[in-house]
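Biologist: Please show me the model, and then let us go through its architecture by question and answer.

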Amino acid sequence: MTKWVYTFGDGAAEGRAGDRNLLGGKGANLAEMCSLGLPVPPGFTITTEVCNAFYANGRAYPDGLEADVVAALDHIGRITGRRFGDPSKLLLVSVRSGARASMPGMMDTVLNLGLNDETVEALAADSGDARFAYDSYRRFIQMYSDVVMGLDHEVFEEILEDQKASLGHELDTELTAAEWQGVISLYKAKVEEELGKPFPQDPHEQLWGAIGAVFSSWMNSRAITYRRLHDIPESWGTAVNVQAMVFGNMGDTSATGVAFTRNPSTGDRQLYGEFLVNAQGEDVVAGIRTPQNITEAARIAAGSDKPSLQKLMPDAFQAFVDISDRLEKHYRDMQDLEFTIERGKLWMLQTRSGKRTAKAALKIAVEMARDGLITKEEAVTRIDPASLDQLLHPTIDPKAARDVIGMGLPASPGAATGEIVFSSADAEDARAQGRKAILVRIETSPEDIHGMHAAEGILTTRGGMTSHAAVVARGMGKPCVSGAGSLRVDYKAGTLVSMGQTFRKGDVITIDGGNGQVLKGAVAMLQPELSGDFAAIMEWADAARRMKVRTNAETPLDARMARSFGAEGIGLCRTEHMFFDGDRIVAMREMILADTEKDRRSALDKLLPMQRSDFLELFEIMAGLPVTIRLLDPPLHEFLPKTEAELAEVASAMNVSADKLRQRTEALHEFNPMLGHRGCRLAVSYPEIAEMQARAIFEAAVEAGRKAGALVVPEIMVPLVGLVKELEYVKARIDAVAQSVMQETGTKIDYLTGTMIELPRAAIRAHVIAEAAEFFSFGTNDLTQTTFGISRDDAASFLETYRQKGIIEQDPFVSLDVHGVGELVRIAAEKGKATRPGIKLGICGEHGGDPASIRFCEEVGLDYVSCSPYRVPIARLAAAQAAVAAAKGAARRA
C-alpha cells in the first residue's frame, strides 16, 4: 500500500535529506534536522505523489490519505501532549508547501490553523496572553480567507489600517486584545459579505481546505511563471508540510527571523539575516515592518538604532549560531534558515541551500574547496553556469557624477538604468517595445514575478534584505534596491516623490544594487572584470572538462572579448556580417547587379582586400588557435534595398537606374528564402564568390603566419550541404585557390575543409559527406528549423502555447531537442567517425551556449562547442560539469 504521509518529531523522522523528490525540499530537510536532534516542531509531510494524484484524478485525493493524515495528527499530539481540534488540549498547526526545488513565495502558506471563536479563548487562557491569541486569530482569518477562500488580503489590510487610524495607532503591535476582537468581528463580517458564507469554524474543515489550497497553488499563475523561468517540470509536484505551531508573536521574549549562514550577495563568511520581535514569519518577508539585524556587527554596519538579536536575546542567539554552523558543515553548503523564538526557546522551521548571487556562489564554492569541505570538482558543480550572466552586468563608473535622490538597501548587486514603471504589466509592455524599465513598487509580491523578469531592475520603498523583492531579484540576477523608505510612491497619481522632486512614469532613473543608491537619470556604466574566485573556478573547470570552447565571432571586438573570457578559437565566423558596412555593401551590390561573371569578379576584386584584412586581424587575435570561417550563407537579396525610398537612394549612389535595381531585387525574390538559393547553392551557382573568400582566407593565413613565425591553419566551412557532390564541387574550387596562393607566395598552406550539418539529409548521409569533409560543425539553429519544419522567426507565435499546454517542455531553439534534432546529431557524429575516425566535430548554433545542450554534446562526444562571446564562461563551466557528470556515470556503470 502506498505511503502518502511521513512523520517527524522528537528526534526521529521517517524521511531524510535524500528524499527531496518524494518529500520536497522543505519536508526532506525538516526530517533531516529532526534526525540530527535539532529543535524542530513535530509534524508530517504529505508527499509530492499525492500532488500528482490530485491533478491526475480531477483534484480528488487518493484512497487512504485521510486516515494517514488523522494518524499523523495523533503523532504530533502524542509528542506535544495536545490534540487537534480539542480546546482543552489545543493544538494549532501551520500548513506550508514544499517543492523539490526551492520556489520562494510562489506557493501558499497558512499559519495558526485550528483557531476559531472557541479555541481562540482557549489559546488566550493557555498562553496567559489574550492579545497574542486574538492577534493570531486575526492573522489566521486574513491568511486563510486569502489563500483558501480567495478573498484578497488587501481587503483586510484596508480594514486594519482604518481601525488603526481611528484608534490612533501606528503599529499593529500597539493594538490591545479587545481592539483585535473588534478587528476580528469586522474581518468575519467582511468574509460573509463578500463570499456569502461564514468563516469556517471546524478545524478539520480548515485543515483540508488549506491542504487543497497548497496543492492548488502548484498550478497558480505565479508558480507556473516561476517554473518556466527556472526550468522546473510541472510533473515534480509539491509536498505539503503540516507542523505544530510555535509562536514568535507571544510578546517581547518571542521573535521570528530569516538568516543565511553566509552573505548571499557577497559570499562573505558571516551570519546574515533579519528578525522581528513579537511577530510571525510573514511579517519579515512581507516588509510590513522594518526588520532588525541578527548580529551586532551587521547592526553597526547598517547604522541601525534597533537592537540586534545578539544583544536582545543572547542565549537564543548563541544557540542559533551553533545550529547554523552545524547545518552548514552537515550539508556542506551555505544554508538559508527560518526560525522562531517562543518565549526564549529557539525552534528551527526550515533549512535549505540558500539562493545566492553568482559572485557569492563563486566565493563560497572556492572557500569551501580551499577549506577541504568540498572537492574542487564539487566546487565546479556548485555553480549554475547560467548564473555567470550576473557577473557580466555593468556597474556604475566610479568617475560618473551621481545625482542621488534616495537610499535603500543593497538587496541584489549590479546597476541598471531604465524608465520608471509602476506595474508589472507596464514593465512587460516596455520590454515588448524594446524599452528598458525599472519596476518601482511599494513592495513586490509573488504576482509581480513576470514584471520583475521583464524589468532591468527593481526598486521598492518597503522590505528588507530578505524581502520577496530581494530574494527573487537575486535569483534572477537583477539589480534591486529595497526598503528605500524616503521615497514616496503613489500608484494612483503615477508618481515617485523624493527629496522634493517628483518623477513620473517614463522618467529615467538608475539604481545601484551594490550600495542601495537611487539616482536621477542615466549614469555611465563599467563592464566587470573577471578575476579572483571566478578565475579559480574557471581554472578548475578547465582542468575538469574534455570539450573545447570556441566563440562565434566575426568582428575584432567580439573576438577580443571572447579571448578575454577564455575562448579557445573561433567556431563560426559568419562572413556575410562583414559585407554590410560602407564601401563593402556598395561593392557587394555591384557584384549582385552584375550581368556577367567578369563584372562579378571585378566587384569581388574590390571586396578581396577588405576580406583579407578582416581574416588577418582575426588570425592575429586568435594567435594560433583554430578559426572556422563559413563561406557566404544568406540569399543575395538580403544585401539589396527593400523600400522604394531605399531603392532610389541606392540607385543614385551606385549610378544605376532604380528600375534595374528593382528588377534585380524582384528576380532574386524567394517565397521561402530559408530553404532557397543560399549556402553552398550560391557557391555552386557563383563559384567566383567562394573563390574570392578562399583567396582572402589563404592570403591572410600566409601573412599572419609570417608575422607570428608560426603556421596558421584555417578551417573553411561550406554551409547548407545536403549532397556530397555539392561539397566536392565547392571543395575543388577551394583547393584550386589554395594551390594558386601557395605558388604565388611560395608558402605551404595547411587547412581543413568541412561543412555545417544543418539539414536532416546531411545528418543521415554523414558517412558519405565525411569522405569529403574533414570536420562537421552542427548548425543547430537551421537543423532545428529543418527538422521541425518551423521557422525560428515565426515560431514564437505558437511555441509558448505548446509549452503551456504541455506539448513541449522547452523552446527547441533555446535548448536542444535531444530526442529529435539531437538524434540527428548523434547519427551524423557516429556515421562521420565511421568513415573518418579523426573527424573534428563541433556545434556552432545558439545551443552551444546552453548548459543543457552542452551536456548532450558531451554525451555524443563532440570535440568543441562554439557560442557568443558572453556565453563563453558559461560554456566552459557547463562543459566541465558535463564531463564530471559523465565520469560519475561511467564509474557507476563500472
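Predicted model: local features only at pLDDT ≥ 70, side-chain atom pairs only at ≥ 80, totals over all residues.

Modeller: Residues are numbered from 1 along each chain as its sequence is written, and side-chain values use heavy atoms, with hydrogens and water left out.

Biologist: In which order do the eight strands close into a barrel?
Modeller: Helices (H or I, at least four residues) and strands (E, at least two) are DSSP runs, numbered from the N terminus, and two strands pair if DSSP finds at least two bridges between them. In the barrel the pairing is parallel, and the order is β27-β28-β29-β30-β31-β32-β33-β34.

Biologist: Which residue of β30 is the bridge partner of Arg630?
Modeller: Strands β29 (residues 627–630) and β30 (residues 714–718) run parallel and are joined by four bridges. In β30, Arg630 is bridged to Met717.

Biologist: Which strands stand at the edges of the open sheet, each with a single partner strand?
Modeller: Three strands form this open sheet, antiparallel in pairing and ordered β21-β22-β23. One side of each edge strand is left without a neighbour in the sheet, because each has a single partner strand; the two are β21 (488–490) and β23 (501–504).

Biologist: Which residue of β23 is the bridge partner of Leu496?
Modeller: Strand β22 (residues 495–498) pairs with β23 in the antiparallel sense over four bridges. Within β23, the partner of Leu496 is Phe503.

Biologist: How many residues of strand β10 are buried?
Modeller: Buried means under 20% relative accessible area, exposed over 50%, and partly exposed in between, with a 1.4 Å probe and protein chains only. Both faces of β10 are covered, with Tyr272, Glu274 and Leu276 buried on one side and Gly273, Phe275 and Val277 on the other. For β10 (residues 272–277), the count of buried residues is six of six.

Biologist: Which residue of β11 is the bridge partner of Glu274?
Modeller: Strand β9 (residues 255–260) pairs with β10 in the antiparallel sense over six bridges, and the partner of Ala255 in β10 is Val277. β10 also pairs with β11 (residues 292–293), antiparallel over two bridges. In β11, the partner of Glu274 is Asn293.

Biologist: Are helices α26 and α27 roughly parallel or oblique to each other?
Modeller: Axes are lines fitted to C-alpha atoms, for helices over the stretch in contact, and angles run from 0 to 180 degrees between N-to-C directions. Helix α26 (residues 687–708) packs on helix α27 (residues 724–745) at an angle of about 40°, with their axes 9 Å apart. Angles under 35 degrees count as roughly parallel, over 145 as roughly antiparallel, 65 to 115 as roughly perpendicular and the rest as oblique. The pair α26 and α27 is therefore oblique.

Biologist: Is Glu32 buried or exposed?
Modeller: Glu32 lies in helix α1 (residues 20–35). Not counting residues up to four places away in sequence, Glu32 touches Arg16, Ala17, His330 and Tyr331. Because its relative accessibility is 6%, Glu32 counts as buried.

How values were computed
Contact = heavy atoms within 4.5 Å.
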